[in-house]
Amino acid sequence: MGDRKEQPLRVGAAVRRRRRTLELTLAVVAERSGLSVPFLSQVENERARPSRPSLERIADALGTTAVELLAAADPACSVDVLRADDEEVAPGAARMRALVRGHHQLHAMEFIGDHDEGREFQHRNDELMYVVDGAVEVEAEGRAHRLGRGDTLYLSGGVRHRWRATEPETRVVVVAVADHIEAIEDASRRR
């Protein structure tokens, strides 16, 4: 009963809104992302669904994150249930699943399997990484951190980092303060 029926995300509309807000042409986004103009047009018109790596390239070209584009693609609900079995994915396939739908103050994503280890991230706000199963290696501020099942890693906003799964079928949950939130430092913590 309070479950919202799963509808396909209309990420194309979010991509188009972001591109137009930045006053960019499809050609500029294509050049920045390394993707073709026809493909980007199909994405914006909901005739193609970008893969996770393609969505990340589009997000980079638009100066945002894939998480933000996915959140902008889905209206927010005050109470929403996401079922684990809503999405059918082949075993062994790398996948990413939003754990929160809509445009909220927090984003939560589950990553299963391999992750693009060469990709560097730098988020505006704080982030928490929790290893549900398996193991990961995180490089942050020039140090490598090995995390195993049940371990967490906290990253302050602005910290450049990258990570990779070191075991097959690793499951990682990442919770981050949304980029549209202006986080302010607590002055009492500086004393």
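Predicted model: local features only at pLDDT ≥ 70, side-chain atom pairs only at ≥ 80, totals over all residues.
## A question to start

Which residues have the most contacts inside the largest nonpolar core? They are Met129, Val136 and Trp163, and the core has 37 residues. A nonpolar core here is a set of buried Ala, Val, Leu, Ile, Met, Phe, Trp, Tyr and Cys residues joined through side-chain atoms within 4.5 Å. In soluble globular proteins, nonpolar side chains tend to be buried together.

Residues are numbered from 1 along each chain as its sequence is written, and side-chain values use heavy atoms, with hydrogens and water left out.

## The overall picture

The protein has five helices and eight strands. Helices (H or I, at least four residues) and strands (E, at least two) are DSSP runs, numbered from the N terminus.

Of the 191 residues in the protein, 39% are buried, meaning under 20% relative accessible area with a 1.4 Å probe, protein chains only. Among contacts (heavy atoms within 4.5 Å) with a separation of 6 or more, 66% are between residues 24 or more positions apart.

## The sheet

Now find the open sheet of five strands, with antiparallel pairing and the order β1-β2-β8-β3-β6. Two strands pair if DSSP finds at least two bridges between them. β1 (95-98) and β6 (152-155) stand at the edges with a single partner strand each, so one side of each has no neighbour in the sheet. On average, neighbouring strands of this sheet are turned by 20 degrees against each other, direction ignored; the axes behind such angles are lines fitted to C-alpha atoms, and angles run from 0 to 180 degrees between N-to-C directions.

Strand β2 (residues 106-112) is joined to β8 (residues 171-177) by seven bridges, and His107 stands opposite Ala176 in β8. β8 also pairs with β3 in the antiparallel sense, over six bridges. Strand β3 (residues 127-133) is in turn joined to β6 by four bridges.

## Back to Met129

What stands opposite Met129 in β6? That residue is Leu153, while in β8 Met129 stands opposite Val174. Leaving aside neighbours within four places in sequence, Met129 is in contact with Leu153 and Val174, and also with others including Val136, Leu147 and Trp163. Two of these, Val136 and Trp163, are named with Met129 as having the most contacts inside the largest nonpolar core.

Notes
Buried < 20%, exposed > 50% of the residue type's maximum accessible area, 1.4 Å probe, protein only.
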